[in-house]
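Subject: Structure handover

Hello,

I am passing on the structure we spoke about. Please look it over first; my notes on what was found follow below.

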Amino acid sequence: MNVNRYALSASDAAVVAEMRAASAEHKSDLFGPEARSNSDAELAAAPPAPQEISYQHGTVSGVPGWWVRPVNATPGARLLYLHGGGFVLGSATATRHFAAHLALRIRAEAFVPDYRLAPENPFPAAAEDAVKVYDALSATAEKIVVSGDSAGGGLALALLGTLAGRDEKQRQPVGVAVFSPWADLALTGDSYISRAEADPFVSKATLKHFADQYLKGTDPTNPAASPLYGLTPRTSIPVRIDVGNHEILFDDSVRYAEKLTRAGLSVSLNIWDGMGHGFQAAIGVLGNSATAIEDVGAFLQSCLLFRV
């Protein structure tokens, strides 16, 4: 396992302190569908990508979403981006601008699906939609990479487990990059307790509430819900995991990286000092957000360029 550490700058520390103070009152709030509009407004506040991007609403294998098309896109290169939101919140509309920053840097058109959300559509709806979209995109792409954040990062890793259980001729992604993936809906990692105070935005109670709405009684260790308990890829697909060291989800990232390492697979674990959940979306506000986008973009582009 390749472990990289990113330091916290004084300027970012000041901004994070302001964010922490602003979010403290609502850190343990329990959200349902009624919070979607507010959540989407916050996510959509990320600066739009440059004008070299066009957006088009579309449907892939019956799942609606947004196409994100950079003018410099390489023919045949695709990015599947899976949004976060605890399987209850989030949308492709709100996340497409963030995905566009990656798409532009890796020179690939992207699709951001609006997979079905809980509690209206509980497990395995989101996982099924992610697999359907991947199958359709990979069938027409020369090379495909997968990325996602939080619950979407968990869906991306669960997708790897699903593909590992299939015929080896199934087209595999040439690279996967996830931001703070929620890989264990059983919430067993030590960091759910040890980083409870350090985490500026997320509480274990909130994640438990999301998991209950999504799982509706399903075993939380089901691999399609919690990839920490699933299969590992049969071949070495490069995987990059980025996580802030002030997140209660920290151990989800560490334990999944260790799982891949034990299987002899390639994984890069990137730890961001002082950063909380979803910091990458604060483009133009946090210096580390810009650095993260550049570095993840470089990683995914190298996968598209050099992996067969």
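At 40% relative accessibility, E128 counts as partly exposed. Please keep in mind that this is a predicted model. E128 forms a salt bridge with R116, and their closest N and O atoms are 3.3 Å apart.

A search of the whole structure finds 13 salt bridges. Another of them joins D135 to R166, with the closest N and O atoms 2.8 Å apart. D135 lies in helix α4 and R166 in the loop between α5 and β7, so the pair ties together parts that are 31 residues apart in sequence. D184 forms a salt bridge with R255, also with 2.8 Å between the closest N and O atoms. This pair links the loop between β7 and α6 to helix α8, 71 residues apart. D184 counts as buried because its relative accessibility is 0%, whereas R255, at 22%, is partly exposed.

As for the strands, nine of them form an open sheet with mixed pairing, in the order β1-β9-β8-β7-β6-β4-β5-β3-β2. β1 and β2 stand at the edges with a single partner strand each, so one side of each has no neighbour in the sheet. Strands β4 and β6 run parallel and are joined by six bridges. Helix α4 packs on the sheet, touching β2, β3, β4, β5 and β6, and its direction makes about 170° with that of β4.

Regards

Conventions: Residues numbered from 1 in each chain as written. Predicted model: local features only at pLDDT ≥ 70, side-chain atom pairs only at ≥ 80, totals over all residues. Heavy atoms only, no water. Pairing = 2+ DSSP bridges. Helix = DSSP H or I, 4+ residues; strand = E, 2+ residues; numbered from the N terminus. Contact = heavy atoms within 4.5 Å. Axes fitted to C-alpha atoms, helices over the stretch in contact; angles between N-to-C directions. Salt bridge = Lys/Arg side-chain N within 4 Å of Asp/Glu carboxyl O. Buried < 20%, exposed > 50% of the residue type's maximum accessible area, 1.4 Å probe, protein only.
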